[in-house]
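Biologist: I have not looked at this structure before. Could we go through it one question at a time?

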Amino acid sequence: MDNRSVAKYVEDAEHLEMPHRLFTLVFPIDPVNNCVLLGMKKRGFGKDKYNGFGGKVEPNESIESGAIRELAEESGLLAKRVDKCGLLFFYFENDPVAMEVHVYLTSDFSGQVIETEEMAPEWYSADKMPFEQMWADDSRWWPMVLKKQKFTARFWFFSDMTTITREEIVPVKSLEF
Ligand SMILES: CNc1ncnc2c1ncn2[C@@H]1O[C@H](COP(=O)(O)OP(=O)(O)OP(=O)(O)O)[C@@H](O)[C@H]1O
């Protein structure tokens with residue numbers, strides 16, 4: 001197991017046996033207008049879906065610096081700080097590898113939003129998210145973000161990567177383990 005993984009604090013023994021791949025997901029927030037910056041993914045995993053900005057954590061970086069790096073690469077924004085708001089675990093039928101996604105918000109950033117090869121960014125009202133064009137899990141846990149409630153969540157996906165067959169969402173006091 002990747003020694004940066006926090007799976008051992010959240011998951012049961014059965015799922016801990018699976019290898020986990022670490023990802024980040026960052027949502028820039030404009031608190032004045034209650035807006036969130038989403039990106040339409042133009043290629044790769046999640047193509048044609050809106051999502052926050054993120055990707056795989058590289059071997060030589062912390063999860064948080066991976067989050068800041070991916071945000072910059074995909075949106076042009078440089079975050080001075082990011083705040084962890086949630087932790088997601090995804091299991092796909094017929095895939096032996098679990099995804100561990102560290103979710104962050106940031107309202108402390110500089111720079112200009114740019115469209116990149118990977119993402120076309122667009123501001124959305126935080127309470128009018130385009131869930132029908134997002135991953136199926138997003139509409140399940142985004143209400144926790146709106147309530148400023150930290151959470152851990154686990155989603156089991158059917159092999160179509162669209163249908164959720166089981167879910168657990170748990171509000172937590174802290175995500176520092
Ligand atoms: C299944 N339900 C899901 N719900 C919400 N978000 C999901 C998700 N599944 C994946 N994600 C996010 O999608 C990005 C993929 O990143 P991905 O493009 O694979 O990484 P990276 O940019 O390193 O890829 P390249 O290999 O450089 O193209 C990454 O933020 C990850 O957290």
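Biologist: Which residues of helix α3 are buried?

Modeller: This is a predicted model, and helix α3 covers residues 138-146. A residue is taken as buried if 20 or more other C-beta atoms lie within 10 Å of its own. In α3 the buried residues are Asp 138, Trp 141, Met 144 and Val 145.

Biologist: Why do the buried residues of α3 line one face of the helix?

Modeller: The place to look is down the axis of α3. Seen that way, the buried residues line one face because they fall within an arc of 125°.

Biologist: Which residues are exposed on the other side of α3, and what covers the buried ones?

Modeller: The cover over the buried residues of α3 includes the strands β4 (78-92), β7 (151-157) and β8 (164-171). On the other side of the helix, the exposed residues are Pro 143 and Leu 146.

Biologist: Which residue just after α3 takes a positive phi?

Modeller: Helix α3 runs over residues 138-146. Just after α3 there is a phi of about 60°, and the residue that takes it is Lys 148.

Biologist: Is Thr 116 buried, exposed or partly exposed?

Modeller: Thr 116 sits in the loop between β5 (98-110) and β6 (119-125). Buried would need 20 or more C-beta neighbours, and exposed would need 12 or fewer. Thr 116 has 16 inside 10 Å, so the class is partly exposed.

Biologist: Which residues does Thr 116 touch, leaving out those up to four places away in sequence?

Modeller: Trp 142 is 26 residues from Thr 116 along the chain, and their C-alpha atoms are separated by 25 Å. With residues up to four places away left out, Thr 116 touches Glu 73 and Glu 74.

Biologist: Which strand gives the largest share of the shell around the ligand?

Modeller: There are 15 residues around the ligand, and those that come nearest are Phe 23, Gly 54, Gly 55, Lys 56 and Trp 135. By kind, the shell divides into six nonpolar, six polar and three charged residues. The largest share, three residues, comes from strand β1 (residues 20-30).

Biologist: How much of residues 19-150 is helix, and how much is strand?

Modeller: In an unreviewed UniProt entry, this stretch carries the feature "domain: Nudix hydrolase". Its end C-alpha atoms are 25 Å apart. Over these residues the chain is 17% helix and 42% strand.

Biologist: What is the mean pLDDT of the protein chain?

Modeller: For the complex, the predictor gives an ipTM of 0.96 and a pTM of 0.97. In the protein chain, 100% of residues reach a pLDDT of 70 or more. The mean pLDDT is 97.

Note on methods:
Residues are numbered from 1 along each chain as its sequence is written. This is a predicted model: local features need pLDDT of at least 70, side-chain atom pairs count only at pLDDT 80 or more; totals for chains, interfaces and linings use all residues. pLDDT is the predictor's confidence in each residue, from 0 to 100. Helices (H or I, at least four residues) and strands (E, at least two) are DSSP runs, numbered from the N terminus. The arc is that of the directions from the helix axis to the C-beta atoms. Two residues are in contact if their C-beta atoms, placed from the backbone, lie within 7 Å. A residue is near a molecule or strand if its C-beta atom, placed from the backbone, lies within 6 Å of it. Ala, Val, Leu, Ile, Met, Phe, Trp, Tyr, Cys and Pro count as nonpolar, Asp, Glu, Lys and Arg as charged, and the others, Gly among them, as polar. UniProt positions are given in the numbering used here, feature names are shortened, and annotations may be inferred rather than shown by experiment.
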